[in-house]
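Biologist: I have the sequence and the structure open. Could we go through a few parts of the model together?

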Amino acid sequence: MRPLTTFVLSLAFCVPSIAIIAPSAKAQESSASIQAIKNERVITVTGRGERSVKTTKARIQLGVTAEGKTAIAVQGEIGRQANSIVSRLQQLGVEKLQTTSIQLNPKYVYENNRQRQDGFTGQTSVSFVVDIDKAGSTLDAAVNSGANQIEQITFIATDAELNAAKQLALQDAVKDAQTQSNTVLGALGFTAKTIKTINVGESAIAYPVPQPRLQAFAKDANSVPILGGEQKVDASVTLQITY
């Protein structure tokens, strides 16, 4: 029986040593992994892409102003003309028609260095979107219906066209970022390995410069050509690449 006892005691003392060795091996592996991450080399590059889109729509803001002795009179005249304009634009089937402003203010005059009220002025504006090739005739109809101010004209592309241009600009930005990294690493004698992180920047859409506020008259509406331009869509992509 004594030899058996000796064997059991020896086994009992050996087991803890096994438990101690195992965690040590895992700690070494973890330490090696952390060290590898610390020694990892990363290059950060930002690529940019740009696409142009031909504009096919015109966003137009126009309005009507009136003056009168009383606020009620001015408001009534503005309402009458505005209803006529809106009704005509609805008949023409314009898109995104909405009222953008309504104003009613006292009118002041100066006499002998003194200010006195001399009635009221009122104004209302509407905006809408129309095909560029219909913009001239639409403005003519609006002016004939009572509009006496063309406040702004901006040329735009459709949402579908802008989205398609955005996807292409993003592809260009990725290619640009990869070309930059390959050029730099190649010049230094390194080779790109893997892409560690990808950051897609916000896309920017540049609009053509709006036309300034103009006084409009029915006889002149068709004499002004309405020509569109291009919208530019910019995209950026930042890559972190290991080497």
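Modeller: Phe-190 is partly exposed, with a relative accessible area of 31%. Partly exposed is the range between buried, under 20% relative accessible area, and exposed, over 50%, with a 1.4 Å probe and protein chains only. The model is predicted, so local features need pLDDT of at least 70 and side-chain atom pairs count only at pLDDT 80 or more, while totals for chains, interfaces and linings use all residues. Residues are numbered from 1 along each chain as its sequence is written, and side-chain values use heavy atoms, with hydrogens and water left out.

Biologist: How many aromatic pairs does a search of the whole structure find?

Modeller: The search finds one. It joins Phe-190 and Tyr-243, whose ring centres are 5.1 Å apart and whose planes meet at 55°, so the pair is tilted. Rings of Phe, Tyr and Trp (its six-membered ring) pair if their centres lie within 6.5 Å; planes under 30 degrees apart count as stacked, over 60 as edge-to-face and the rest as tilted.

Biologist: And where in the chain are Phe-190 and Tyr-243?

Modeller: They lie 53 residues apart and link distant parts of the chain: Phe-190 is in the loop between helix 4 and strand 6, and Tyr-243 is in the segment after strand 9. Helices (H or I, at least four residues) and strands (E, at least two) are DSSP runs, numbered from the N terminus.

Biologist: Is Tyr-243 buried or exposed?

Modeller: Tyr-243 counts as buried, at 19% relative accessibility.

Biologist: Let us turn to helix 4. What is its span from first C-alpha to last?

Modeller: Helix 4 has 30 residues and reaches 44 Å, close to the 44 Å expected at 1.5 Å a residue. The expected span is 1.5 Å times one less than the number of residues. Just after this helix, Gly-189 takes a positive phi of about 85°.

Biologist: Which residues of helix 4 are buried?

Modeller: Among them are Leu-162, Ala-165, Leu-170 and Leu-185. Val-184, also in helix 4, is partly exposed, with a relative accessible area of 39%.

Biologist: What about Thr-242, buried or exposed?

Modeller: Thr-242 is buried, with a relative accessible area of 7%. This residue belongs to strand 9, residues 230-242. Beyond four places away in sequence, Thr-242 touches residues including Glu-40, Val-42, Thr-191 and Lys-196, where contact means heavy atoms within 4.5 Å.
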